[in-house]
Amino acid sequence: MRKFLWILLVVLMITAVLLVLFYKQTAPNGLIVVDLPLNNDEISSPLKFSGKARGFWFFEASFPVHVYDDAGNLLGTGIAEAEDDWMTEDYVGFKGMVRFDLPATSGGRVVFQKDNPSGLPEYDDSFEVGVKFKI
């Protein structure tokens, strides 16, 4: 009976981890969490996106979001806007939309780019979500 309970506990823990990974895309450094789109989602233009990011990911309550195809072509750029006060180190919800051109490939990526008004490379950061295009 004790062995059964341990196995059940391990299965429940693995299931919980998989659910969190399936429903949200989190950057390894934990600075941004993307709710939409999810990895391998099929997207079309205009793309609506949402999530939350640490306040210092924003500048003046926004940051850029880019859509690329697998060939590296920039298809479109949009702006993520903070839904609350962004001058914090806590998470702040964001949402936005980006219109993009027809892709040359069936897959691509959405890049959530930390706003870096200084232009200094040590403050650059981004998070990518792989997507498929509805063609």
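Q: Hi! Which strand is Ile32 found in?
A: Ile32 belongs to strand β2, which covers residues 32-36. Keep in mind that this is a predicted model.

Q: Thanks. And is Ile32 buried or exposed?
A: Ile32 counts as buried, because its relative accessibility is 0% and the cut-off for buried is under 20%.

Q: How far is Ile32 from Val92, in sequence and in space?
A: In sequence, Ile32 and Val92 are 60 residues apart. In space, their C-alpha atoms are 9.3 Å apart.

Q: What about contacts across the chain, what share join residues at least 24 apart?
A: That share is 60%, counted among contacts between residues at least 6 apart in sequence.

Q: New topic: how many helices and strands does the chain have?
A: There is 1 helix, along with 9 strands.

Q: What is the accessible surface of the chain?
A: The figure is about 8,500 Å², and carbon and sulfur atoms account for 58% of that surface.

Q: Okay, confidence next. What is the mean pLDDT?
A: The mean pLDDT of the chain is 87, with 82% of residues reaching 70 or more.

Q: Where does pLDDT stay under 50?
A: That happens over residues 16-23.

Q: How many contacts beyond four places in sequence does the model have for residues 16-23?
A: The model has 3 such contacts for residues 16-23.

Technical notes: Residues numbered from 1 in each chain as written. Predicted model: local features only at pLDDT ≥ 70, side-chain atom pairs only at ≥ 80, totals over all residues. Heavy atoms only, no water. Helix = DSSP H or I, 4+ residues; strand = E, 2+ residues; numbered from the N terminus. Contact = heavy atoms within 4.5 Å. Areas by Shrake-Rupley, 256 points an atom, 1.4 Å probe, with all protein chains shown as cover. pLDDT = per-residue confidence, 0-100. Buried < 20%, exposed > 50% of the residue type's maximum accessible area, 1.4 Å probe, protein only.
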